[in-house]
Every structure is written in structure tokens, then in C-alpha cells.
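Here is a short tour for anyone who likes to check a fold against its geometry. Have a look at the model, then read on.

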Amino acid sequence: MTNTARIFREHNIVFVTIALCIVFYMVSPRFLSVDNMSAISRQIVPIGLIALGQFFVVVSGNIDLSMGMGSVLFAIVLGVFFGLTGGVAVGIVAVIVCSLALGFFNGVLVAKLKLPAFIVTLSTLFMAQGLSGLIIPRGQQIFLIGDFFRFVGAGKFMGLYWSFLFLIALFALAYVVYNHTRWGAYVVAIGNSEENAKLAGINVDRVKIGIFMFSALCSGFAGLVLSSRMGFVQPGLDGNGLLLDGIAAIIIGGTLILGGRGTIGGAFWGLLFIGIINNALNLLNVVDVWHQVFKGAVILAALAINWMLWQSRQADAH
Amino acid sequence: MTKRIDMKGIGKSFFATRALDNVDFSCVSGEVHALVGLNGAGKSTLMKVLGGVISRDEGIIEVNGERVEIAAPADAGRLGISMIHQEYSLINELTVAGNIFLGRELRRNGPFLDKSEMARRVKQQLDRFGLDLDPNRPVRELNSGEKQIVEIIRALMSDSWLIVMDEPTSALSEEDKGRLFEFIRRMKSEGISIIYISHHMPEIFGIAEQVTVMRDGKIVLSERTAKTTEDAVIKTMTGTELDGFVKPHKDIDGNVTLSVSTLTKPGTYNDISFDVRRGEILVLTGLRGCGAPEIAKAIFGLDADYSGTISYGGKQLKPGRGPAASVRDGMGLVTENRDKNGILPQLSVRDNIALPFLEKSVRGGIIDGKRIDTLVNKAIADTSTKTSSPDQEIRFLSGGNKQKICFSRWLDPDLEFLILLEPTRGIDVHAKADIYRIIEELSERGVAILILSYEIDEVIMLADRVITLYQGSPVSEYTYPNFEKDQMLSDMAGVGQPH
């Protein structure tokens, strides 16, 4: 295979995303305006946090469905603690503690009791949803007012949103952890073959619990960012939509849904892809129902390409 | 010559079976010790005792003259003993160096992996053995031979001085075999000891200093390879348990059901030609990797990538026509891996048996349950399958009973030609007898049967005709009742083939 073909094959998401930008620009030049780019950068932050946490879970051969409704629950936890005490720090500590607790719960059930992650996290998804409605009845909300929330929601540094910079920093950190620490290698090893990872002397259970704690922590941060941007919290937020956008982002970015393979860079481009589609379809005033259909079709096309490339690589290897 | 590992008087019983009986086995520094024997002779039991996978009943193990206990695989690893299995235990998505250091990574500046140092040390080892492999390549890009090298290097870098290789060449190309043997020679010169399990006489006499033959749980020969011959080894391998067994005489004069002519797939099988007549049982045999399963796949329409012709009922078959077309024409196939390709594990015994008959049991679009029940009950009775009820889930049955159900699918009166791949692999003696009986009954009914078997006793018991293969090429043909077991084994093991 020629080098160009290889580059295209391994980084196809980059080309697809750029092509999509060109198409949207031709339809509406406003798409590439500084204001709109800046809007996209802020919109993708919660999805990006979900994608990042989910990335490690999926590479390890699992899935965390509780991330979306988890964010909603953690946002409410933030609102309640902030509302009761007026202290931002108390609220943030509560979010961190609660999210790590949920992740630990998921992780222990998956690692120690050997329950399928799909079932465990589907159950905790419903629990998180129920608890959210229990704490704040539907239709009510708690306002988050103060400098800190304005800073997280809309603060800028040299024209870029702080929340976006925070996301970039987190992706960079994840890149280093994934590629340059033992933990990253163990996540890949477990996703390829739990049995072989065990044989190599890896404490598989501990790594798995850690993965679920990290993903839950990411959903805690996502809840914080999302609610700060809106200025209030309420149980009716579309947590599952957020979850699905996050999963779509990493899968489009070349993460194998079966586990064992994926790159942080790919996940980031997948995130941009999802962010651009969400934004452009709004910008072009596509009616909401068609918005969803179109998004589904584009994701399907991107996934089909990825899957075929993976298959053809399999064929090459034999 | 000091013995680095010395196993003395090892005994092990499984229920009433004496799997190892007072076995003495030792290895010296820098030598290859070949361990041979038929399936069930006790080779793998002995190696499992050495590797700490199973515990022994009697005997002692010494390392460098000191008595040791090997109670778990980790103990063996700590003592410097590594097993290289046929299924690799590598992580495809990590690099060569990443795999070799998996679980004991080198780090610098706290948590960060020292990738360059790991790669450098792996490269150093590879160079030491004259191997050309990039430590930074992902393992998924490697072929079987290269993966094997990574496994061995991993063992050597965890300070192993005894490497056990179980049929290491079974999945390797000629080129990779050459490289492996060169690697083994270098390991010997570095003082590494190797236990080499194989049936290939040219390999054994090419690289081993010592050869030990096991039969029925005992050592029957242990000799320097320089002082013995390929023929002598073959002779001691074979038992006498089947002497006196007479297969009933059969006249085979029916029409040719299947005819294969100059079938060739480069690197897999060469120039294969044979006919199978109505009621005839033709057995293809050889060592693993002899190409017979691939021939069967071509016949059943699962592979289009061959030259030569396959005719069935007088008509030439289109390459790769698919199993659906084959079954429609009255062919059947029982695979060697029933758990993967044979049964539907979540379904009941009833549903598993009924599957191929559903199409013929439909009345006006509705499945005729009564008819299915009759078929199922008859199939269970005919095959003496032991199940608590037809509604039992098949995954709870024993291997032998699962295999009988795979057979019962093909008791269809329209069946004309049946392919059986390793029909009794991993099943107990009683189930074996039932399966042999079913095969004989099918043959009496006029079904032409093609069997692949690696077990010489089974080959002789079932066959009307035998073709032996070595590395994809036909070696010899035997017709009932002129089966010479020793000669057959020699042909299968490549005796007389170049080293």
C-alpha cells in the first residue's frame, strides 16, 4: 500500500471533517465566522468530556451508559450543595465525591461480580434519572449564580473559552496517560484479551474499576460545565442525548466498539465532527426532526467507512 | 553434563486412568530434548506437571540439583521455565516491546514509560539471536512466525532458561520454520534448554540432541538422536492395543460419488487426486498442518482459491459455491470445532437437531411440530445421545453428546456424501464407540464418507482406504486390509524427507 493511501486510511476522519466544513461553508459562509467557531468550541465541551471518559471504557471492551444521566444527576448535586451552603467549593467537592462513588459502584459490579457493563450501567442510568427527579421535582430548577459559574460558562482567555482550553488540556493529559503510562497500555491489553492481560500479571480488576471511576468523574465535570453555561440545573436535561453524542464521537474517531483499539487524536476529531454537524444543522435552520435524520445518516456513513477500512486491514494482515 | 532439570518417578492418575507412570525426564544445558508420542501418550500431562498447571501424585522435581515445588504456573515462571503454546498470548494492539515488557514496564520520571529504553533492550536481544524485527511494530502486523519469536523473546527476557515448545512449527511457513530453527540453534549456543514437542521426524532429527518417546503414560525410549533412527522412534511410538481388531469386509463397487483431480492451493496442498465411491470410507491423515482440513473446505464450497477440479455426482463443482448449495445437493459436514462451528449453544437439543430439517417440515408456511418431534426423537435414539430431555439446552451436554447431535443433523435420507473433520476429537471412549457405529451405519446405507483424522488407531479402525499427507502433498495410499501402521506413521511424520 502506498504511503498516501495509508495516511488517508488511518486519518480519514480528518479529511472527512475538513470536507464537511467546506460543504457547510459553501452553503452558509457564516459557518466559518469567528463567532460561530467560538460557539462550536463551547458547545463541544460537555460532549468532549463524555467522549473522553467513554473512550477508556470502550477501549477496555466495556461501555458506560450511565454517563449522560450521571451528568444530570451530578449537576443537580452541585445545585443542591451550592443552593444550601452558597459555597462553590462545597458543590464541586460534592460532585467529585458523588461521581467517583458512582464510578466505583459500576466498576466493582463489572470487575468483581463479572456482570456485563451494558446491564450494570443501564441500571445505574435509570437510578441516576430517578434520583434526579427525586431531588428536584420536574419543572423546578435551581439557579447557579456567581462569578465562578460565569467563568466556567462564558469566561474567555485570549478569545478562547476557558472551558474549551480546559477540555484541550484534559485531552492532552489523556493522550500522555494513554500512550506513555502503564495504565494506558493495560487498558488496551484488557480490551484485546482480558485473559492474556491477567497472564502478564496485570491486576485487571483494579484497572477496570479505575476506568469506570474516571468515566464517572468526566460525567461529573460535564454536568458542571453544562449547568454553568445554562445558569441553572433541572432534572429534565437530555442526558442520554449527550451520552449518545459522546459515544458517536469516539466511534467515528476510529475507536473499535468491540474494544482494544482507538486513538485519543481520533476521538478528538470525532468530537469536532459531531460538534460541527450539531452546529451547522442549527445554523442552517434545518427542522429539528430532519436534523436528527441527517445526523444519523452522516454518522452511519462515517462508521461504515471506518468499519470497511478495519475489515480491509484485517484482510491485509492475512 | 549436569542436569538442569530432573523429573524423577513422576506419577499422575485421573480417576482410573494412569496418565503418567513412574516417568523420569531431564534436560541439560544448551540442548534440545524432543518429546514425542501419539495423542494421549502423556506428553502434555507431563509438561503440565512441569509448568505447574496440574499437580503430580508422585515423584520429585529438581532444578540444578535442588528439590523444588511447582504448584502454580507462577512458580514455574519464577524458576525460569516458560511454555510457548500454540495459541499466542500476545496483545495485538501493543508493540513488540510493549508486549515483551507487559506487566513489568520500565519507567522514567515517575509514571512515564521509558519506551526507548524498552525498545533498545528488546533490540539488543533480537540482535543477539540474529533476528530482524522492529521492536516498535504493533504485534497485529506480525505473521505467526514473528509472533512466536516475540513470545520466545518475552520468555528469555524474563530470565527463562528452559523453554517448552508445543508443536511450534504447526502454523509456520517454510521460511519461518528456517528462521525458528536458526533461532533455536542460537539459543542452544547461549545455554538455553528446550523441550520440543513434535511429530515431525525431520525436525526432531535436525535440531534435537535427545529424543524421548512416551506411550501410555510411560517412557518407552530415551536416546541420543545420533544413536537412533527415525524408524526406531516411530516403532516405539505405536502400541499394540488394536492388534486382532478386524474390520468387517465390505464390497465397494458403487458409482463414484466424489472425484477430486490435481487439486492444488500453493503452500497449503499440492496435486491431490482421489475418488470416493458410494458406501466407501476414505480417510485423509497426516500431522496437523498437513492440509487435509483445507481440502475438505474446498470440497464443501467454502474456498474458491484453488486450482484443479472437484466433481460430484459426475458434475464439476463451481469453486466456492457455498455450503447452502452443497447441502442442497446432499453433502454434509461435521466440523472439528463443534463448539464454534457446530452447535447453537443457547438452543435446545431439539432445536439443534431440527435446524437442517425445518425447510422440509413446513406445511403451508407453518412448521409441523409433530413431524419435527418424530425426527428429533428418532435422531436421539439412533445416536444414543444422552440428554435429560429434548428441551435441554445443548451447551450443558458433554462433548461426546454434542458431537452426536452434530452427526444427527445429517441422518437425513437424502444424504449422499459426508465430510467428517476429526470426528472424535476430545470425546470419551463410550461416545467414540457410538460415533464409530453411526459412521459404519451411514456407510452401509451407501453414503460416501471422507474423514480427516490425526489418530492412527482411529484411521485404521474406520478406513476402507487411507491417503497420507505430509505438508500438503500425498505420500502414500493404503487399501483395506493392508494397513501397515508403522509405515503409515512414518509417511505422516515425514520420515525420509529432507531435514
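## A hairpin and its parallel neighbour

Strands β23(B) and β24 (residues 473-479) of chain B run antiparallel and are joined by six bridges; strands count as paired if DSSP finds at least two bridges between them. Helices (H or I, at least four residues) and strands (E, at least two) are DSSP runs, numbered from the N terminus. Within this pair, R465(B) has T479(B) in β24(B) as its bridge partner. The hairpin of β23(B) and β24(B) has two residues between the strands, and Q471(B) takes a positive phi near 50° there.

β23(B) also pairs in the parallel sense with strand β15 (residues 281-285) of chain B, over four bridges. Here V466(B) in β23(B) stands opposite V283(B). Five of the six residues of β23 (residues 465-470) of chain B are buried, so the rest of the structure largely encloses this strand. A residue is buried if 20 or more other C-beta atoms lie within 10 Å of its own, exposed if 12 or fewer, and partly exposed in between, with C-beta atoms placed from the backbone.

## How to read the model

This is a predicted model, in which local features need pLDDT of at least 70 and side-chain atom pairs count only at pLDDT 80 or more, while totals for chains, interfaces and linings use all residues. Residues are numbered from 1 along each chain as its sequence is written, and chains are lettered from A and ligands numbered from 1 in the order in which they are written.

## The six-stranded sheet

Chain B also holds an open sheet of six strands with mixed pairing, in the order β6-β9-β10-β3-β11-β12. The edges are taken by β6 (81-84) and β12 (218-224) of chain B, each with a single partner strand, so one side of each has no neighbour in the sheet. Direction ignored, neighbouring strands of this sheet are turned by 20° against each other on average.

Helix α5 (residues 144-157) of chain B lies across β6 and β9 of chain B and runs at about 170° to β6(B). Helix α8 (residues 230-237) of chain B packs on the sheet as well, touching β3 (32-36), β11 (210-215) and β12 of chain B, and its direction makes about 20° with that of β11(B). For these angles, axes are lines fitted to C-alpha atoms, for helices over the stretch in contact, and values run from 0 to 180 degrees between N-to-C directions.

## Chain B as a whole

Chain B has 17 helices and 24 strands. Its radius of gyration is 25 Å, close to the 23 Å that the globule rule gives for 499 residues, so chain B is as compact as a globular protein of that length. The radius is taken over C-alpha atoms, and the rule is 2.2 Å times the number of residues to the power 0.38. Buried residues make up 43% of the 499 residues in chain B.

One helix to look at is α14 (residues 399-408) of chain B, with nine of its ten residues buried.

## Where the chains meet

In the contact between the chains, 16 residues of chain A meet 15 residues of chain B; a contact needs C-beta atoms, placed from the backbone, within 7 Å. On the side of chain A that touches chain B, α9 (182-192) and α10 (194-199) of chain A each supply at least two residues. α9(A) gives the most, with five residues.

Technical notes:
Contact = placed C-beta atoms within 7 Å.
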